[in-house]
Amino acid sequence: MTNPSPPAPSSPSSPPSPPSAPTPRPTVATLSRELADFLVELSITLNKHAIYPQSHPLLHGAVDGVANRLGMLFVGERESLSIGVARRQLIIEGVATDPLNAVLKELAERLHEHHVGAVKFLRGIGRDELGDALAALSIDPVRSEKPIGLDLEGCAVDRRVLRGEGKRGERDVG
């Protein structure tokens with residue numbers, strides 16, 4: 001019995017290619033720290049409004065926190081701040097939030113459930129107006145008679161605070 005000879009090494013038809021340089025990652029636009037902090041504060045305050053009764057003292061501090069962060073965003077020439085709402089993320093200043101960020105995802109989902117297509121804050125918004133808007137948005141749209149975006153006539157929130165998406169497209173709330 002003879003031992004079979006080992007197979008001859010196969011010769012590649014073309015030489016191996018040299019290792020390539022790593023491909024650069026595409027740059028992803030990110031929110032400024034001030035905008036991200038504002039959105040997180042807004043989300044937390046909406047959650048507090050959903051948990052505590054309207055007269056609870058904790059809510060006053062929470063609304064003040066949102067008002068202060070919003071005031072910091074209006075330093076300079078900015079006259080308004082608009083936030084677009086998608087199902088799981090927000091779009092602010094042309095930048096989409098991370099859909100994996102649980103806090104911002106929950107905020108987007110809450111607004112979307114209310115059929116709110118965009119929220120617009122104008123310079124000079126009063127603390128009481130802001131508080132009313134936050135209280136309205138904190139109501140569970142499933143438990144309410146109608147989501148804010150579908151109940152434009154019944155919404156008591158000033159049109160300078162919210163923009164809702166009704167059956168005929170985006171309209172001012174008021």
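Colleague: What makes a residue count here, and how is it numbered?
Modeller: Residues are numbered from 1 along each chain as its sequence is written, and because the model is predicted, local features need pLDDT of at least 70, while totals for chains, interfaces and linings use all residues. Side-chain atom pairs count only at pLDDT 80 or more, and side-chain values use heavy atoms, with hydrogens and water left out.

Colleague: Where is confidence lowest, and where is it highest?
Modeller: pLDDT is the predictor's confidence in each residue, from 0 to 100. The protein chain averages 79, and 71% of the residues score at least 70. Confidence is lowest in strand 6 (residues 169-172), with a mean of 37, and highest in strand 2, at 95. Over residues 156-174 the pLDDT stays under 50. For that stretch the model has 62 contacts beyond four places in sequence, a contact being heavy atoms within 4.5 Å.

Colleague: How many helices and strands are there, and what makes a run count as one?
Modeller: Helices are DSSP runs of H or I with at least four residues, strands are runs of E with at least two, and both are numbered from the N terminus. The protein chain comes to four helices and six strands, in the order α-α-β-β-β-α-β-α-β-β.

Colleague: How do you know that the length of helix 1 agrees with its residue count?
Modeller: The expected span is 1.5 Å times one less than the number of residues. Helix 1 (residues 33-51) has 19 residues and should span 27 Å; its end C-alpha atoms are 27 Å apart, so the two agree. For helix 3, with 12 residues, the reach from first C-alpha to last is 16 Å, close to the 16 Å expected.

Colleague: Why is Phe38 called buried?
Modeller: Buried means under 20% relative accessible area, exposed over 50%, and partly exposed in between (1.4 Å probe, protein chains only). Phe38 has a relative accessible area of 0%, so Phe38 is buried. Phe38 lies in helix 1. Leaving aside neighbours within four places in sequence, Phe38 is in contact with Val66, Arg69, Leu70, Leu73, Leu81, Ile83 and Phe121.

Colleague: What makes Ser138 buried as well?
Modeller: Its relative accessible area is 8%, so Ser138 is buried. Ser138 is placed in helix 4, and its contacts, neighbours within four places in sequence aside, are Leu46, His49, Ala50 and Arg110.

Colleague: How do you know that the buried residues of helix 1 line one face?
Modeller: The buried residues are Leu35, Phe38, Leu39, Leu42, Ser43, Thr45, Leu46 and His49. Seen down the axis, they fall within an arc of 165°, so they line one face of helix 1; the arc is that of the directions from the helix axis to the C-beta atoms. An α-helix has 3.6 residues a turn, so residues three or four places apart point the same way. The face turned away from the buried side carries the exposed residues Arg33 and Ile51.

Colleague: What makes a set of residues a nonpolar core, and which residues have the most contacts inside the largest one?
Modeller: A nonpolar core is a set of buried Ala, Val, Leu, Ile, Met, Phe, Trp, Tyr and Cys residues joined through side-chain atoms within 4.5 Å. The largest has 30 residues, and those with the most contacts inside it are Phe38, Leu39, Leu70, Leu81, Leu90, Leu111 and Phe121. Helix 1 gives the largest share of this core, five residues.

Colleague: Why is Glu93 called partly exposed, and what is its phi?
Modeller: Glu93 has 48% relative accessibility, so Glu93 counts as partly exposed. Its phi is near 55°, a positive value in a residue other than glycine. Most residues other than glycine have a negative phi. Glu93 sits in the loop between strand 2 and strand 3 (95-96).

Colleague: How do you know that His115 is partly exposed?
Modeller: At 35% relative accessibility, His115 counts as partly exposed. His115 is in the loop between helix 3 and strand 4, and its phi, near 65°, is positive.
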